[in-house]
Amino acid sequence: MKNIFYKSSLAASRAVAVFAFLYFLLFAYGGVAKNVLGLSCSLGAFCITFLPFYLCQKSALRLPQGWYAGFAVFVVSSMVLGTALNFYLRFWWWDIYLHLTSGLVLCIFGFYLHSALNGGAGGKTFAGMLFAFCFAVAFGTIWEFYEFGCDMLLGTDMQCGITTAELATQISIYTNRFGNYVDPAVADTMKDLAMNTLGALAALVLKKQYNDK
């Protein structure tokens, strides 16, 4: 049984890895200078794809096929639809959907990780659920650091900032109902963290309902 589970998980992991690698080659062909954001995201996805399988191989962690399927959907939504096909610009809610999904996927991963760290027990306890929630929120926070680093070091615009010229001419657009200036990059970061947290909370609700069955 474990052998069958292992093979299915490995197949799912390899499928996502192949997809990420092909996407990486697509942007590499276009040139690093022209696709800095796409290239960095593709390379990151390619590396991260192997992390769950590596953890399963080196530890007692076991992940269901459904989790890999959700992870694959997230990668496709982010890498291909979001970046390559510009869904971020076409649909205002796309970034919200992705951060909600990431919170959900990461929290579920946290359940299984906590169970593995406790010898296969503790997944249904309050401590296990708290660990999974904090894991998802912490990972979302680290991602925001990554976005900030890319904007500062690579000149990208992952945090939806504005230029000095835009600030001078469009100041009224970036004020709240109290007349105070709201930086777009800060607002985007807060929205991302909020959606990530809501996704993690949704995972907790689903887990609670599953435990009560």
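The model is predicted, so local features need pLDDT of at least 70 and side-chain atom pairs count only at pLDDT 80 or more, while totals for chains, interfaces and linings use all residues. Residues are numbered from 1 along each chain as its sequence is written, and side-chain values use heavy atoms, with hydrogens and water left out.

The protein turns out to have eight helices and zero strands (DSSP runs numbered from the N terminus, H or I of at least four residues for helices and E of at least two for strands). Of its 213 residues, 35% count as buried, meaning under 20% relative accessible area with a 1.4 Å probe, protein chains only. Among contacts (heavy atoms within 4.5 Å) with a separation of 6 or more, 64% come from residues 24 or more positions apart.

Now for the helix pair. Helix 5 (residues 94-117) packs against helix 8 (residues 184-211) at an angle of about 45°, and their axes lie 7 Å apart; axes here are lines fitted to C-alpha atoms over the stretch in contact, with angles running from 0 to 180 degrees between N-to-C directions. That makes helix 5 oblique to helix 8, the label left over once angles under 35 degrees (roughly parallel), over 145 (roughly antiparallel) and 65 to 115 (roughly perpendicular) are taken out.

Helix 5 also holds glycine 110, which is buried, with a relative accessible area of 0%. Glycine 110 touches Phe131, Ala132 and Phe135, leaving aside residues up to four places away in sequence. From glycine 110 to leucine 130 is 20 residues in sequence and 9.3 Å in space, C-alpha to C-alpha.

Technical notes
Buried < 20%, exposed > 50% of the residue type's maximum accessible area, 1.4 Å probe, protein only.
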